[in-house]
Amino acid sequence: MIEIRAVRSVRALSLSAGRVNALDVELLDELTGALRELAGWGGPLVVTGAGRVFCAGVDLKRVLAGGADYTTRLIAALSDAFQAMFSYPGPTVAAINGAAIAGGCVLACACDRRLISPDAQIGASEVRVGVPFPVAALEVMRYACGDRAEEVLLGGRNYRGAEAIGSGLAHGVVAEGLLETAVAQASELGDIPAEAYRHTKARLRGPTLARIRESGDIDREVCQLWGADQTRQLIADHLQRLRHR
């Protein structure tokens, strides 16, 4: 479900899991393992999605089918994957080649830089589905969006192009050669002395990571809310609406 290839001095990591690269426990565990292994190398990394979608977020059908045990495992797996991406020591560039929604948006925002194709939508839509944010997701979005975080997280809408840049969700729009441009930017960042980059990035992101790691009680509440009957009905209603689009 994770494809990694070398492109000159850069590693390109692609999510390759079904039509929309939806996040389930298995994909998240594989992603976390790949990122932790690559962290030992620490070189520049580009993250993208196979096909026409970057990542459409959590596989909500699995949430409904899996029950409380699956939800507990999922919240932990999301937290691990977001932390692994956010704390990766080297440069990371997201090549957002298609929709990056909910968990897919968070994954992109955990990267140092985000380049987006003109028609791709990106947004943290969790509240519109009816589910709360795990702390790791909320803190990554707060870091990425700064003073626009409340608008992005509470509004729950999707953005494109210049609006995505203005909200902090993207740094640039690339009409042609998205992956090649992302590789070039990652390579340029990789020319910075590695230890200086690693140390500076760790100091900048340290307070955010500390809040994530102290969030056990909040995430237990998030698990309970995701598993509540009312929330499960909201998820089912959301999936029904998607089927009728």
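**View 1. Lining of the second largest pocket, with Gly42, Gly43, Gly90, Pro91 and Ala194 nearest its centre.** The lining of this pocket comprises 14 residues, where a pocket is an open set of points on a 1 Å grid over the protein atoms alone, at which a 1.4 Å probe fits, with protein on both sides within 12 Å along at least five of seven lines, and lining residues have an atom within 4 Å of a point. Helix H8 (178–190) and helix H9 (194–213) are the elements that give two or more residues to this lining, helices being DSSP runs (H or I, at least four residues) numbered from the N terminus. H9 provides the largest share, 4 residues.

The model is predicted, so local features need pLDDT of at least 70 and side-chain atom pairs count only at pLDDT 80 or more, whereas totals for chains, interfaces and linings use all residues. Residues are numbered from 1 along each chain as its sequence is written, and side-chain values use heavy atoms, with hydrogens and water left out.

**View 2. Lining of the largest pocket, with Val20, Ala56, Ile101, His238 and Leu242 nearest its centre.** Altogether 40 residues line this pocket, and helix H2 (60–86), helix H4 (126–129) and helix H11 (229–243) are the elements that each give two or more of them. The largest share, 5 residues, belongs to H11.

View 3. The largest pocket has a volume of about 1,200 Å³, a volume being the space filled by probe spheres set on the grid points, which are joined across faces, edges and corners. The second largest pocket holds about 160 Å³ of space.
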